Amino acid sequence: MSLLEVHHLSHWFQKGILNKKKELALYDVSLTLEKGETLGLAGTSGAGKSTLARAVMQLLPISEGTVLFHGENLSALGPEKMKRKRKDMQMLFQNPMASLNPRMTIEESMKEPLLLYHMEEKLPLISPIMDRFSLREELLPRMPSELSGGELQRICLARLLLVEPEILILDEPTSMLDVSVQAEIVEQLLMLQKERGLSYLFISHDLDLLRCVCHRIGIMKEGRLLEVQKTESLFSAPKSEYTRALIEDFLHFNRNSR
């Protein structure tokens, strides 16, 4: 049994109150994530990658299909049980400012998940994990608006790790950061995966980044998962024409930008 299983997941929404027409955002998506694995999701903007991530986290309603975590159907859980389950499934969003309360200090934000999940015994770990991500303790009394984007994203990642999740869903976690900060965060993610056996669902438009960090990569288009392959197999022998074109466009862009 896989750590995370998504079976025939679909999500649609209605445009307006009077409009009965349904618009598909996800259609019949199935995938698995193993313990200690990094599964990448790539595709152009609007392909459904972030929608899938939110549906897996039960932040969006599932119209059809199931999401299983350790074999348990998350869709069948009530709000309170799902809130407790999210301790083990955490999500890092693209925009760190949207993840932090602008009225709370960094110290309050770091403590917040530990208090939420009644893990007060972990409070002494705040300083060590900040140090691990090269975050100075003098940042603790500051407000989010006083920090850089790189510092905020490292704060968000550190606070998620305090509650010791099994899965991290990473939604374009480095796209708003400069290259040096990107490299630091990716390096830490790889080290933490080795140490803790973490599993990552890594969403990115950057195929080069996914090629470096992922065991397998899935390609999405218009809400559908076209294929999932081992990373090097995907690049050497893509199954779909869309994947082949996506890789060729990416390689062409990289050659011309050097």
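Start by selecting Cys156: this residue is buried, with a relative accessible area of 3%. Keep in mind as you click around that you're looking at a predicted model.

Next, pick Cys214. Is Cys214 buried or exposed? Cys214 counts as buried, at 8% relative accessibility. Now show its sulfur and look for the closest cysteine sulfur: that one belongs to Cys212, 9.3 Å away, which is too far for a bond. A disulfide needs the two sulfur atoms within 2.5 Å. Searching the whole structure turns up 0 disulfides.

Time for the sheet. Colour the strands and you'll find an open sheet of 4 strands, in the order E2-E1-E4-E5, with antiparallel pairing. Which strands stand at the edges? They are E2 (22–33) and E5 (72–73); each has a single partner strand, so one side of each is left without a neighbour in the sheet. Then select helix H1, residues 49–56, which packs on the sheet and touches E1, E2 and E4. Turn the view to compare directions: H1 makes about 70° with E2.

Stay with the sheet and zoom in on E1 (residues 4–14) and E4 (residues 64–69), an antiparallel pair joined over 5 bridges. To see one of the contacts between these strands, select Leu4, whose bridge partner in E4 is Phe69.

For the last stop, go to helix H8, residues 231–236, and select Ser233 there. Ser233 is partly exposed, with a relative accessible area of 32%.

How values were computed. Residues are numbered from 1 along each chain as its sequence is written. This is a predicted model: local features need pLDDT of at least 70, side-chain atom pairs count only at pLDDT 80 or more; totals for chains, interfaces and linings use all residues. Side-chain values use heavy atoms; hydrogens and water are left out. Two strands pair if DSSP finds at least two bridges between them. Helices (H or I, at least four residues) and strands (E, at least two) are DSSP runs, numbered from the N terminus. Contact means heavy atoms within 4.5 Å. Axes are lines fitted to C-alpha atoms, for helices over the stretch in contact, and angles run from 0 to 180 degrees between N-to-C directions. Buried means under 20% relative accessible area, exposed over 50%, partly exposed in between (1.4 Å probe, protein chains only).
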